[in-house]
Amino acid sequence: MAGSGAPPPPPPPPRVREARDDSRRVLLSLDLNHFVCDRVRKRGDSATGAPRPQAPGAEVVELEHEYVVPRPHARAFVDRLLRDERFAVAVWTSARASNAQALLAAVLTPEQRQELLFVWGQEQCVRGAPELAAAAAAA
């Protein structure tokens, strides 16, 4: 409410983007770790921890336990894919969904994140599901 002094409501949680006609688009699922960005843990094996990485031409983002280093031209590359009507772009990562959102916020613009078809974290990964292996083999 205006004038109530209450903080604005938090942004909505990540969701699957409202699909345009994606039935004829090629799905490109980008691996967040090592393709869109690189993660460097702050604590190394030594007592001093890992040094801040150098990334010429890219802004290194510092999170609580790690540095996020965007890959060179990652934002421009993702932007080009999102603008190309031949592709539906998604992100997959082995990171937890909450970490994935922080990593994406460090690398992509809010507009780019909204245009992603989906973002899957480790919660969507299934290990050793025989029915999935059988379905993949039959395809």
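Colleague: Leaving aside its neighbours within four places in sequence, which residues is Ala55 in contact with?

Modeller: In this predicted model, Ala55 makes contact with Val60 and Val69, once the neighbours within four places in sequence are left aside.

Colleague: And where is Ala55 found?

Modeller: Ala55 belongs to the loop between β2, which covers 37-41, and β3, which covers 61-62.

Colleague: Is Ala55 buried or exposed there?

Modeller: Ala55 is buried, because its relative accessible area is 16%, and buried here means under 20%.

Colleague: How far apart are Ala55 and Pro70 in space?

Modeller: Their C-alpha atoms are 8.2 Å apart, while in sequence Ala55 and Pro70 are separated by 15 residues.

Colleague: Changing topic, how many residues does the largest nonpolar core have?

Modeller: The largest nonpolar core has 20 residues, and those with the most contacts inside it are Leu32, Val68, Val89, Val107 and Leu116. The elements that contribute two or more residues to this core are α1 (32-36), α2 (74-83), β5 (87-92) and α3 (97-107).

Colleague: Which element gives the most to this core?

Modeller: That is α3, which gives five residues to the core.

Colleague: What about Asn33, buried or exposed?

Modeller: Asn33, which lies in helix α1, counts as buried because its relative accessibility is 10%. Not counting residues up to four places away in sequence, Asn33 touches Arg39, Thr93, Ser94, Ala95 and Leu103.

Colleague: And His34, what is its phi?

Modeller: His34 has a positive phi of about 75°, although this residue is not a glycine. His34 lies in helix α1, and His34 counts as exposed because its relative accessibility is 56%, the cut-off for exposed being over 50%.

Colleague: Now His73, what is the phi there?

Modeller: The phi of His73 is positive, at about 65°, and His73 is not a glycine either.

Colleague: Where does His73 lie, then?

Modeller: His73 sits in the loop that runs between β4, which spans 66-70, and α2.

Colleague: Is His73 buried or exposed?

Modeller: His73 is exposed, because its relative accessible area is 67%.

Technical notes
Residues numbered from 1 in each chain as written. Predicted model: local features only at pLDDT ≥ 70, side-chain atom pairs only at ≥ 80, totals over all residues. Heavy atoms only, no water. Core = buried A, V, L, I, M, F, W, Y, C linked by side-chain atoms within 4.5 Å. Buried < 20%, exposed > 50% of the residue type's maximum accessible area, 1.4 Å probe, protein only. Helix = DSSP H or I, 4+ residues; strand = E, 2+ residues; numbered from the N terminus. Contact = heavy atoms within 4.5 Å.
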